[in-house]
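Hello,

Here is the structure I promised to pass on to you. Please have a look at it first, and then read on for what turned up in it.

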Amino acid sequence: MDETMRKRARLKTRLTPYGFILPACLTILLLVVYPILYGIYISFFDTNLVNRWNFVGLRYYLQALTDTSFLHSLWMTVIFTVSVVAGHFILGFIFASILNMDIRLRTIFRGILILPWLFPDVVIAYLFKWILNTQGGIVNELLMHFGLISDPIGWLSTSATAFPCVILVSIWKGYPLVMVQILAGIQTISTDMYEAAEIDGATMMQKFRYITIPALKPILTTILILDTVWVFKQFTLIWLMTSGGPGSSTMVSAIEIYKNAFSYFKYGLASAQSVYILVICYLIGVVFRRLLRDD
Amino acid sequence: MTKKTKNNLIRGIGYLILTVGCLCVLLPLSWMVITSLKSMTDITMTKGIELFPTGPTLENFVNIWKDYPIATYIKNSVVAVGGSTIFGVVCAALCGYGLSRYSFKGKAFILSFLLVTQMFPAVMKIIPYYKILVTVHLNNTRIGLLIVYASFSIPFCTWMMYGYFKSIPTGLDEAARVDGSSAFHTFLHIVLPLAVPGLVATVIYAFLQNWNEYMFASVLMSDDAKKTITYAISTMADAYRIQWNYLMCAAMISSVPTLAIFVAMQKYLIAGMTAGAVKE
C-alpha cells in the first residue's frame with residue numbers, strides 16, 4: 001500500500017514537467033512539424049495537390065540546382081540578408097548605446113525610434129511605395145522642385161534603384177527589434193565594470209570592445225541567428241513593393257518560391273526549393289553558433 | 001581637452017544622431033498622416049509641390065468606413081490575432097516554466113528545436129496549412145487563422161518566457177513545495193505573478209507579429225467577409241487606380257491597435273526583454 005502510493009507519487013513528479021510542456025509541444029507537433037514533413041513529402045511529387053500525384057523522386061531537387069532563376073534568387077537573398085542584417089545591427093548598436101547614456105528625453109527618443117516596428121509590413125510597404133511613386137510621390141516632387149532632376153525617377157520600377165530601395169526600407173522597418181534587444185542587454189551590464197575600466201584609463205573603444213561586446217555575446221548570438229533567418233525569409237515588404245521586379249532585380253528566394261507555387265502551380269518544385277532554404281537557414285544557425293561560441 | 005568637455009561633446013553627438021534618427025522615422029510616417037488628410041483633388045490635381053492639404057479633411061475616414069467593411073476587417077483581425085495571442089502565450093508560459101524549472105529527457109532537444117522552427121520557410125508551410133484547413137473545414141474561418149497564428153508565436157514566445165523564468169530564483173518554488181503547494185499552484189500563484197514584465201513583453205511580441213502577418217491571411221482567408229485588416233489594405237491597392245489618401249487612411253486605422261498596446265505597455269517591454277533575450 002505504502003509502496004504503491006510512493007511509486008505513484010514518484011511517477012507524478014516525473015510526469016509533472018511533461019504536463020507543463022504538453023500544450024505547446026502538441027501545437028508545435030501538429031502545426032509546425034506535420035506541415036513541414038508534409039511539405040517535404042510534396043517535394044517528391046509532380047502534383048496539383050488534388051488528383052495528380054506522380055512520384056518523381058529527387059528530380060525537383062536536381063532541377064533546382066541547375067535552375068538559373070532559383071540560383072539567382074539565392075544570390076539576391078544573400079546580398080539582401082547581409083545588407084539588411086548589417087544595417088539592423090549597426091543602427092541597433094548606435095541607438096542602443098546612445099539611449100543607454102545619461103541623456104534627457106530618453107523615453108521620447110526611444111519611443112520614436114521603436115515606431116517602425118509597430119507598423120504592419122503592409123502599411124510600410126505601401127507608405128514607401130507612395131513616397132517613391134512616380135506620380136505625385138514626395139521624393140520625386142522634392143527633387144524636381146529643387147531642380148536636382150527634371151523628370152520623376154521610377155525608384156521601384158528601375159532595376160538599378162529598386163533593390164537598394166527595398167533594402168533601405170527593410171532596414172528602416174526592422175532595426176528597432178535589434179535595438180530593443182541590445183538595449184535590454186546593455187542595461188544588465190553593471191556600471192561598476194565601466195567605472196573600473198575608466199579608472200584604469202580605458203578609452204571608449206576599449207570599453208566597448210572588452211566589456212560591452214563580451215557581455216552581450218550570448219544575446220547577440222541568439223538575435224543575430226534569428227534576425228538573419230527572419231530576413232532571409234522576408235516576403236511581404238518586397239512582394240508588395242516590387243513583386244520581385246522589375247525583371248528579376250528584387251527576386252529573392254521567398255518570392256521566387258511563392259511564384260512557383262501560386263502563380264505557376266509547380267508545388268513539387270516550390271517545396272523542393274523550400275527544403276533548400278530550410279537547410280541553408282539551419283546551416284546559418286550552426287555556423288553562427290560555432291563562430292560565436294564563448295570558449 | 002578636459003574630461004568634462006569631452007563628455008559634453010560625446011553627448012552632443014549622441015543627441016545629434018538621435019535627432020537625425022528620429023527625423024528619418026517621423027518624416028515618412030508624417031507623410032502618411034498628411035496624405036490621409038488630403039482630398040483626392042489635392043493629390044491628383046496639384047502641379048508642383050504641395051506639402052500640406054489645402055483644406056485638411058477627415059472625410060476620407062468617413063468615406064472609407066462607408067465604402068469598405070472596415071469594422072468587419074478589424075473584427076476578424078481582433079478575433080484571430082487576439083485569440084491566438086492568448087492561446088499562444090498561455091502555452092508558451094506553461095512550456096517556458098516547465099523548461100526552466102525541471103530537467104527531463106528531451107529538454108535540450110526541445111530548446112534547440114524551438115530555434116530551428118524559426119528557420120522553416122513560410123512558403124513551405126502554406127501549402128500544408130491550406131490542405132489541413134480545407135480538410136477540417138476551417139479555411140476561411142477566424143478559428144482556423146487563430147490556430148495557425150498561435151503556432152507561429154508559440155516557439156519564440158516559449159523562448160522568451162523560458163528566459164524570463166530562468167531569471168527568477170528557484171528558492172520560492174522550493175519553499176512553496178515544502179509548504180505543500182502543487183506544481184501547478186506554484187506556477188500560477190507564486191512564480192507567474194513575478195513574471196508579469198516578461199509575460200507582457202511576450203504578449204506584445206505575439207500580438208505585433210500576428211497583427212502584421214500578411215502572407216497566410218492572403219492565402220487562407222480569401223473570402224471578403226473574413227479578411228483581416230492588413231490583408232484588406234493590400235486588396236484596396238489592387239484596385240484599378242490606387243487612391244493613396246484612402247490607402248493611407250486605412251493604413252493608419254490598421255496601425256492603431258498595435259500602437260495603443262505598445263503605449264499602454266511600453267514600460268514593461270524593455271524590462272521584459274532583458275531576461276527574454278536569453279543565452280542557451
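**Helix packing in chain A**

In chain A, helix α11 (residues 253-262) and helix α12 (residues 267-292) have axes that come within 8 Å and cross at roughly 160°. Please keep in mind that this is a predicted model. An angle over 145 degrees counts as roughly antiparallel, and α11(A) and α12(A) are therefore roughly antiparallel to each other. The crossing in which α11(A) passes α12(A) is left-handed. On the α11(A) side the contact is made by A:Ser253, A:Ile257, A:Asn260 and A:Ala261, and on the α12(A) side by A:Tyr267, A:Leu269, A:Ala270, A:Gln273, A:Ser274 and A:Ile277. Sorted by class, this contact of α11(A) with α12(A) has six nonpolar residues, four polar ones and no charged ones.

Helix α12 of chain A also packs with helix α2 (residues 59-66) of chain A, here at an angle of about 70° and with the axes 9 Å apart. Angles of 65 to 115 degrees count as roughly perpendicular, so that is the description for α2(A) and α12(A). α2(A) passes α12(A) in a right-handed crossing. From α2(A), A:Tyr60, A:Tyr61, A:Gln63 and A:Ala64 meet A:Gly268, A:Leu269, A:Ala272, A:Gln273 and A:Tyr276 of α12(A). By class, the contact of α2(A) with α12(A) has six nonpolar, three polar and no charged residues. If you want to follow both contacts on screen, A:Leu269 and A:Gln273 are listed for α12(A) in its contact with α11(A) and again in its contact with α2(A).

**Loops and one exposed arginine**

A:Phe265 sits in the loop between α11 and α12 of chain A. Its phi is positive, about 55°, although A:Phe265 is not a glycine. With 13 C-beta neighbours inside 10 Å, A:Phe265 counts as partly exposed.

The other is A:Leu105, in the loop between α3 (68-100) and α4 (106-118) of chain A. A:Leu105 is not a glycine either, and its phi is positive, near 60°. A residue with 12 or fewer other C-beta atoms within 10 Å is exposed, and A:Leu105 is exposed because it has 12.

A:Arg10 belongs to helix α1 of chain A. It counts as exposed, with 10 C-beta neighbours inside 10 Å. From A:Arg10 to A:Ile28 there are 18 residues in sequence and 28 Å in space, C-alpha to C-alpha.

**Where the two chains meet**

How many residues of chain A are in contact with chain B? There are 76 of them, in contact with 76 residues of chain B. Helix α1 (residues 2-42) of chain A gives the most to the side of chain A that touches chain B, with 17 residues. That side of chain A has 58 nonpolar, 15 polar and three charged residues.

Is B:Ser151 buried or exposed? A residue is buried if 20 or more other C-beta atoms lie within 10 Å of its own; B:Ser151 has 24, so B:Ser151 is buried. Leaving aside residues up to four places away in sequence, B:Ser151 touches A:Thr27, A:Ile28, A:Leu31 and A:Val32. Within its own chain, B:Ser151 is 64 residues from B:Phe87 in sequence, with 9.4 Å between their C-alpha atoms.

B:Gly163 is another residue of helix α7 of chain B. B:Gly163 counts as buried, with 25 C-beta neighbours inside 10 Å. B:Gly163 and B:Ile126 are 37 residues apart along the chain, and their C-alpha atoms are separated by 30 Å.

**Domains of chain B**

Finally, chain B is divided into domain 1 (3-36) and domain 2 (68-276). The centres of these domains of chain B, taken over C-alpha atoms, are separated by 32 Å. Four residues of domain 1 of chain B are in contact with six residues of domain 2 of chain B. On the domain 1 side, that contact has two nonpolar, two polar and no charged residues.

Happy browsing, and best wishes

Conventions
Residues numbered from 1 in each chain as written. Chains lettered and ligands numbered in written order. Predicted model: local features only at pLDDT ≥ 70, side-chain atom pairs only at ≥ 80, totals over all residues. Contact = placed C-beta atoms within 7 Å. Helix = DSSP H or I, 4+ residues; strand = E, 2+ residues; numbered from the N terminus. Nonpolar A, V, L, I, M, F, W, Y, C, P; charged D, E, K, R; others polar. Axes fitted to C-alpha atoms, helices over the stretch in contact; angles between N-to-C directions. Parallel < 35°, antiparallel > 145°, perpendicular 65-115°, else oblique. Left-handed = near helix turned anticlockwise from the far one by under 90°. Domains from an automatic or database assignment.
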